[in-house]
Amino acid sequence: MIIYNVTLNIDKSISKEWLEWIKEHIPQVLATGHFKEAKLTKVLVDDDEADTYSVQYRAHSREALNSYYDEHAERLKQDGLQRFGDKVLSFRTELEVVDEYSVTIN
């Protein structure tokens with residue numbers, strides 16, 4: 001399984017507006033049909049000027065992620081760029097799940 005991770009550094013002046021927007025944006029990405037699920041997380045760092053978040057999308061497969069890049073990524077990325085410009089800095093990484101573990105506590 002491939003995780004498509006987007007890490008975003010959000011200027012505090014737009015943080016609330018961006019958080020509302022991303023909660024609408026993530027379902028749009030999922031609606032492309034290339035991902036199984038997504039998680040929005042806040043990166044816990046001390047920064048007076050910016051908030052940092054990570055969105056992790058679980059792709060159905062490598063092929064699904066490539067199709068997302070080819071068919072949807074640029075359009076969906078541009079929406080955020082047009083709204084927030086340079087007040088949001090982002091970078092993307094791909095992670096391959098090697099193994100998963102869980103525990104059940106009774």
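In what order do the four strands of the open sheet stand? In this predicted model, the order is 2-3-1-4, and the pairing is antiparallel. That puts strand 2 (35-43) and strand 4 (88-96) at the edges, where each has just a single partner strand, so one side of each goes without a neighbour in the sheet. On average, neighbouring strands here are turned by 15° against each other, direction ignored.

Strand 2 and strand 3 (residues 50-59) run antiparallel and are joined by eight bridges. Val43, for instance, has Thr52 in strand 3 as its bridge partner. Then there's helix 1 (residues 15-30), which lies across strand 1 (2-11), strand 2, strand 3 and strand 4. Helix 1 runs at about 5° to strand 3.

Aromatic rings come next. Searching the whole structure turns up nine aromatic pairs. One of them is Tyr4 with Phe35, a stacked pair with 6.2 Å from centre to centre and 15° between the planes. Since Tyr4 sits in strand 1 and Phe35 in strand 2, this pair ties together parts that are 31 residues apart in sequence. Tyr4 and Phe35 are both buried.

Tyr4 also pairs with Tyr68: the ring centres are 5.9 Å apart and the planes stand at 55°, so this pair counts as tilted. Here the link is between distant parts of the chain, with Tyr4 in strand 1 and Tyr68 in helix 2 (residues 62-84), 64 residues apart. Tyr68 is buried, as is Tyr4. Put together, ring pairs link Tyr4, Phe35, Tyr57, Tyr68 and Tyr69 into a cluster.

Notes: Residues numbered from 1 in each chain as written. Predicted model: local features only at pLDDT ≥ 70, side-chain atom pairs only at ≥ 80, totals over all residues. Heavy atoms only, no water. Pairing = 2+ DSSP bridges. Helix = DSSP H or I, 4+ residues; strand = E, 2+ residues; numbered from the N terminus. Axes fitted to C-alpha atoms, helices over the stretch in contact; angles between N-to-C directions. Contact = heavy atoms within 4.5 Å. Phe/Tyr/Trp six-rings, centres within 6.5 Å; stacked < 30°, edge-to-face > 60°. Buried < 20%, exposed > 50% of the residue type's maximum accessible area, 1.4 Å probe, protein only.
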